Amino acid sequence: MKRRNFLKGVGLAGLGATLPFSLVEVVWGLGSKPAEHESFTFAYISDSHLTHIQGARFTQNFDQGLRKAILEVNLMNPPPDFVIYGGDLAQLGKREELDHGLELLSGLKPPLKWVIGEHDFYLDMGEYWQDKISPLYYSFDHKGVHFVVLNSILTYQDWIKKWSTPMERMLNMARLDNPQGSPFMVGEAQLRWLKEDLAKYERNVPLVVLSHSPLYKIFKPWNFWTDDAEGVQKLLQRFHRVTVLHGHVHQVLYNQIGNITFYAMMATAWPWPYPVSYVQKPNQVPKLTVFMNRADPFHQRDGTGWDILDLENGTLTNHYQLWMNENRTVAFDFKLEHPVDRNYQDPEKRIPPQFHY
Ligand SMILES: [Fe+2]
Ligand SMILES: [Fe+2]
């Protein structure tokens, strides 16, 4: 991936003639130091669901997914500035699983930034995570871009208290189509914190928000959903351009709501189907998204991978690295004002669905 010479070559070729240099200046125009105008790359690994069996034994397939992503990120040249781990490192929040994940990820060369997933959280309500890994929400600046990490997998206190054991709580949050489930949310305290954090920034600052669940509503029975998503979106509204990156849905998915562009990141563990094709119940899967076509739905690796992200001119180019499938590049299109799949957005160019009997 090109970084520093983006404006000279790859990027402009990719975006066509739709991106005037004046716009580049406007979007990046607030930083006074030269370093703040630099494009850069980061990587995103997510949803490894490391599963403890007994003693020192773990489900090998999930270990191998994470190992493969780490190896590939370590081979990137130039290396990414940092790697985001997008949550669901563990399957059932066990210390064995989190420790095992930390051990595997200690082999990663670039520094890590952490987002927590519900599978990491609901056994001990994030206690071990905060002790050993990371705060649950925070923000940082990198080369003129403001990054905000949210804990979007909180839920209602009544639900948290209704279980007789921590593992019962964890298992009930881990299930899809669970009538006993409860929707995710960011919560009042975090919304207050977010408002204060963002108040320090001008509207032209490129803003990247990282969450585990999507910060919009797709399908409630699977918790592809954040109950107070509109509250977060409202706080992001005054910014010129905002990018939200999330894990949790284990599939290619992207959307545009007003000034906010959303990208789902790949999982290393397994792919989820789309609610449209699986349950066929009312849902709000973005019309914009070109579905990932799984050539072999019986192969667990078909539909897993990780992402390389180029942050250029305040918007993002997402290179989906799909291990058993065509790699996909989805980037913001300045003319259309929403993300576009560079090869498959046009219905004529899509890979026709394949059927297996
Ligand atoms: Fe997950
Ligand atoms: Fe998740």
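Predicted model: local features only at pLDDT ≥ 70, side-chain atom pairs only at ≥ 80, totals over all residues.
Me: How many residues of strand 1 are buried?
Reply: Strand 1 covers residues 40-45 and is mostly covered. Phe-40, Phe-42 and Tyr-44 point one way from strand 1, while Thr-41, Ala-43 and Ile-45 point the other way, and all of these are buried. With both sets taken into account, the number of buried residues in strand 1 is six of six.

Me: Which residue of strand 12 stands opposite Tyr-44?
Reply: Strand 12, made of residues 305-312, runs antiparallel to strand 1 and is joined to it by five bridges. Within this pairing, the residue of strand 12 that stands opposite Tyr-44 is Asp-307.

Me: What is the bridge partner of Ile-45 in strand 4?
Reply: Strand 1 is also joined by three bridges to strand 4, residues 83-85, and these two strands run parallel. In strand 4, the partner that Ile-45 bridges to is Tyr-85.

Me: Which strands are the edge strands of the open sheet of six strands?
Reply: The six strands of this open sheet follow the order 6-7-8-9-11-10, with mixed pairing. An edge strand here pairs on one side only, and this holds for the strand at 138-142 and the strand at 254-257, which are strand 6 and strand 10.

Me: Which residue of strand 11 stands opposite Tyr-254?
Reply: Strand 10 pairs with strand 11, residues 260-264, in the antiparallel sense, and four bridges make up this pairing. Opposite Tyr-254, the residue found in strand 11 is Tyr-263.

Terms used: Residues numbered from 1 in each chain as written. Chains lettered and ligands numbered in written order. Buried ≥ 20, exposed ≤ 12 C-beta atoms within 10 Å, placed from the backbone. Pairing = 2+ DSSP bridges.
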